[in-house]
Amino acid sequence: METPLGGGEFAPTRTYLDTSRCGLLPRRTVAAVTALADGLAAGTVGGSGSFEAVDGARRGFARVAGVDPDRVAVGSSVAVHVGLVASSLPAGAEVLFVEGDFGSLITPFAARGDLKARFVPLEDLADAVRPGTALVAFSSVQSADGRVADLAAVREAAAAHGARTLLDATQSAGWLPLDAGAYDYTVTGGFKFLMCPRGASFLTVTEEAQESLVPIHAGWFAAADLDDPYGPAVRLADTARRFDEPPAFLSYHGAEQSLALLGEIGIDAVHAHATALAARFREGLAGLGHPPVPGTSAVVAVPGLGERRPELARAGVAVSARAGNLRAAFHLYNSAADVDRALDVLS
């Protein structure tokens, strides 16, 4: 019987299968945010937060992503990170997307108005890369239905045609092993499977890709020397910190703790746990006559069943409805009892 990971760090009051929308916060994360908020209210913090905590979160994400912390930039949202990448492309550049991918990955490119966008089905993505494709921008796991991209095939096709890659790992980082160094850029919202407070997000950039990425929102925090905040920075940081946004300290004090917990448990253990629960749910759905989207993802979608979300909510089961699908997401704090409770309601 699959039991939750994380010990006493979590205290859900209902069957929570909605991590694809927002992850649960560990107790240690809540404590860190509360301590900073109390200090800010009392005037005892001596500033708005700790840069050490921000760098702790940076290191924690680097462990999850399999890269050096110098390759990680912090920010507030995926859309801001994507906008930075979009701004670096020359006019007329072709960007290849997956049909129906999440808007935050697409809209910053579309907003420019001078790029060529091409959309293909997920299963055709690797074959659609062609000479002249400047960038392949795609999610590792589709938000609407949990399908996992053929990551190796897309990387191979992009390399063969000289295209850069931008991977959105928001729906996968935290349960699916990530090798961020294999992509020119990755973007990850921290408030889902990384269980961070919203307002913490991460960008990774290879050394080569840094050369053409312009830090258009560089502020004091992006400077090499943080001791002199006045006037233009004499020199920006040599690391990916040059692409940092000023951090939302409350979010990052919490993110440091959530990412530390993931590091203690290990992504491989989370992957095995979450995908086993998802497989149990898929099997149960099929037995009820509700065939799910096939696959091995920790995110399970059932076409045409999205209208039953309110019924599940009334029964104390939290799921999402996306693009007509009923979407359930399994994470380290879920158990076999959660799977069986959802199936019981659906039966």
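**Helices and strands of a predicted model**

Q: The crossing of α3 and α4: left-handed or right-handed?
A: The crossing of α3 and α4 is right-handed. Helices here are DSSP runs of H or I with at least four residues, strands are runs of E with at least two, and both are numbered from the N terminus.

Q: What sort of model is this?
A: This is a predicted model, in which local features need pLDDT of at least 70, side-chain atom pairs count only at pLDDT 80 or more, and totals for chains, interfaces and linings use all residues. Residues are numbered from 1 along each chain as its sequence is written, and side-chain values use heavy atoms, with hydrogens and water left out.

Q: Back to the helices. At what angle do α3 and α4 pack?
A: At about 40°, with the axes of α3 (residues 78-87) and α4 (residues 103-110) 8 Å apart. Axes are lines fitted to C-alpha atoms, for helices over the stretch in contact, and angles run from 0 to 180 degrees between N-to-C directions.

Q: Which residues meet there?
A: From α3, V78, A79, V82, G83, V85 and A86; from α4, S104, L105, P108 and F109. Contact means heavy atoms within 4.5 Å.

Q: New topic: what is β6 paired with?
A: β5 (residues 133-139) pairs with β6 in the parallel sense, over five bridges. Pairing requires at least two DSSP bridges between two strands. R164 in β6 is the bridge partner of L135.

Q: How many residues of β6 are buried?
A: Four of the five in β6 (residues 164-168). Buried means under 20% relative accessible area, exposed over 50%, partly exposed in between (1.4 Å probe, protein chains only).

Q: And which residues of α11 are buried?
A: In α11 (residues 336-346), A336, D338, V339, A342, L343, V345 and L346. The elements covering them include β1 (15-16), α9 (267-287) and α10 (309-314).

Q: What order do the strands have in the three-stranded open sheet?
A: The order is β9-β12-β11, with antiparallel pairing. β9 (299-302) and β11 (320-322) each have a single partner strand, so one side of each is left without a neighbour in the sheet. The twist averages 35° from one strand to the next.

Q: How many bridges join β9 to β12?
A: Four. V302 stands opposite L326 in β12.

Q: What packs on that sheet?
A: Helix α9 does, touching β9 and β12, and the direction of α9 makes about 15° with that of β9.

Definitions and conventions:
Left-handed = near helix turned anticlockwise from the far one by under 90°.
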